[in-house]
Amino acid sequence: MATISKLSNPNPVASLSSSFKPRSSSSLKCFVGFPTRPGFSSKLVSSSSLSSINTHPFRGSLVVRCSLADGNGSSVKRTTLHDLYEKEGQSPWYDNLCRPVTDLLPLIASGVRGVTSNPAIFQKAISSSNAYNDQFRELVQSGKDIESAYWELVVKDIQDACKLFEPIYDQTDGGDGYVSVEVSPRLADDTNGTIEAAKYLHEVVDRPNVYIKIPATAPCIPSIKEVIANGISVNVTLIFSLARYEAVIDAYLDGLEDSGLSDLSRVTSVASFFVSRVDTLIDKMLEMIGTPEALDLRGKAAVAQAALAYRLYQKKFSGPRWEALVKKGAKKQRLLWASTSVKNPAYPDTLYVAPLIGPDTVSTMPDQALQAFIDHGTVSRTIDANVSEAEGIYSALEKLGIDWGKVGSQLEDEGVESFKKSFDSLLDTLQEKANTLKFVIS
């Protein structure tokens with residue numbers, strides 16, 4: 001298999017016009033509004049017949065304003081996502097990406113301000129859709145090997161999505177509107193390989209609002225520092241413990257300091273702290289303990305640890321060291337809540353969104369969580385409302401024998417392996433597809 005650092009350039013300036021084709025014609029012209037915080041201008045993005053091209057399962061709350069070609073349209077309806085950002089300073093992102101990327105436009109209109117992707121998301125998108133067939137056939141016919149073809153499919157989706165979110169990026173002066181793409185999960189234990197892969201993806205995507213995702217494994221902590229020092233914006237993913245989160249913050253600060261840049265305003269980062277998976281594992285441990293005290297703590301571990309992570313965030317991004325970086329234009333590495341879908345049907349469907357609302361944070365939500373929060377979510381600052389209670393829960397779990405360090409290590413290992421499995425499965429699927437097309441690639 002080819003390594004990403006040696007792949008050919010998948011045309012980072014590919015035209016959107018060739019891929020953004022409405023499925024049916026219409027006399028309507030639709031406009032999507034991008035609400036912003038006070039002080040930023042509001043822009044409109046025009047797209048043909050959004051209602052005819054949106055096939056996403058997201059329904060009901062999606063809003064576009066349509067008019068005749070020469071009309072002005074009507075006001076865009078506000079949703080709880082707009083309030084989440086404008087009132088509480090939390091950016092709602094969408095944890096999914098597939099073709100056609102224009103399906104994102106109604107989501108943007110509803111208040112979504114960025115997109116995250118990962119190997120599992122692309123595995124599902126590419127293996128279950130015919131939308132990638134034409135490009136894949138061309139790549140195979142041109143002699144590309146399977147892994148090279150995979151990366152070109154991914155890069156095109158990321159480029160096209162970045163274009164849609166670029167108005168938000170511009171309006172917020174690089175503070176929001178990002179699209180994330182992850183380095184190969186096979187590099188989770190390869191410090192230098194991750195650095196080279198991040199540089200390559202940054203170069204070929206060639207969009208100001210792309211985040212290169214790097215896992216927070218021990219070997220990749222130095223990678224994060226080096227990539228940041230090279231002026232590349234990073235989404236650090238697979239964070240499951242407070243200790244590893246602090247190491248991630250330090251890598252970001254070290255990278256900014258080592259960059260040598262006089263203007264740090266365009267080097268940004270988010271730290272993706274995973275939530276629901278923590279409860280999934282710890283709940284099983286509590287059920288094995290089986291005492292009333294243990295059972296009463298089910299469904300509380302993840303939110304408690306997240307609240308303590310936010311307290312750590314506030315501490316680390318203050319004081320003389322941080323203020324020195326701010327003078328050079330540095331922006332805080334925002335906490336991003338990931339794994340926000342509820343795995344246990346007995347729990348409220350907004351459990352990993354509603355209690356984690358706070359300024360300078362991001363919540364990336366898959367369909368289930370996004371729809372639930374738009375439908376009946378409540379917008380108010382909650383992340384630091386009960387820090388003492390969070391401390392009590394965290395300590396109580398330790399007293400019951402829960403080792404937070406081991407929990408974090410296990411979840412990290414499982415996350416890396418899961419992404420590797422998705423990545424390998426997709427390459428196998430693409431190989432089968434290539435064989436079906438009568439092109440056998442060695």
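Me: Which residues of helix 2 are buried?
Reply: This is a predicted model, in which local features need pLDDT of at least 70 and side-chain atom pairs count only at pLDDT 80 or more, while totals for chains, interfaces and linings use all residues. Residues are numbered from 1 along each chain as its sequence is written, and side-chain values use heavy atoms, with hydrogens and water left out. Helices (H or I, at least four residues) and strands (E, at least two) are DSSP runs numbered from the N terminus, and buried means under 20% relative accessible area, exposed over 50% and partly exposed in between (1.4 Å probe, protein chains only). On these terms the buried residues of helix 2 are Thr80, Leu81, His82, Asp83, Leu84, Tyr85 and Glu88.

Me: Against which elements do the buried residues of helix 2 pack?
Reply: Helix 2 is mostly covered, with seven of its nine residues buried. Contact here means heavy atoms within 4.5 Å. The packing partners are strand 4 (90-95), helix 3 (104-109), strand 11 (361-365) and helix 14 (367-376).

Me: Why does Thr80 count as buried, and which residues does Thr80 touch?
Reply: Thr80 lies in helix 2 (residues 80-88). Thr80 has a relative accessible area of 16%, and therefore counts as buried. Leaving aside residues up to four places away in sequence, Thr80 touches Phe373, Ile374, Gly377 and Val379.

Me: How far from the centre of the ring of Tyr85 is the charged end of Arg113?
Reply: A charge sits over a ring if NZ of Lys or CZ of Arg is within 6 Å of the ring centre and within 35 degrees of the ring normal. The charged end of Arg113 sits over the ring of Tyr85, and its distance from the centre is 3.6 Å.

Me: Are the residues of strand 9 buried or exposed?
Reply: Strand 9 covers residues 269-274. Ser269, Ala271 and Phe273 point one way, whereas Val270, Ser272 and Phe274 point the other way.

Me: Which residue of strand 10 is the bridge partner of Val270?
Reply: Two strands pair if DSSP finds at least two bridges between them. Strand 9 pairs with strand 10 (residues 334-338) in the parallel sense over five bridges. Strand 8 (residues 234-239) also runs parallel to strand 9, joined by four bridges. The partner of Val270 in strand 10 is Arg334.

Me: How many residues apart are Phe240 and Phe274?
Reply: Rings of Phe, Tyr and Trp (its six-membered ring) pair if their centres lie within 6.5 Å; planes under 30 degrees apart count as stacked, over 60 as edge-to-face and the rest as tilted. Phe240 and Phe274 form a tilted pair, 5.1 Å centre to centre with 45° between the planes. Phe240 is in the loop between strand 8 and helix 9, Phe274 is in strand 9, and this link between distant parts of the chain spans 34 residues.

Me: Why is the pair of Phe317 and Trp322 edge-to-face?
Reply: The ring centres of Phe317 and Trp322 are 5.0 Å apart. The pair is edge-to-face because the planes stand at 90°.

Me: What percentage of the residues of the protein count as buried?
Reply: The protein contains 16 helices and eleven strands. Of its 442 residues, the buried share is 56%.
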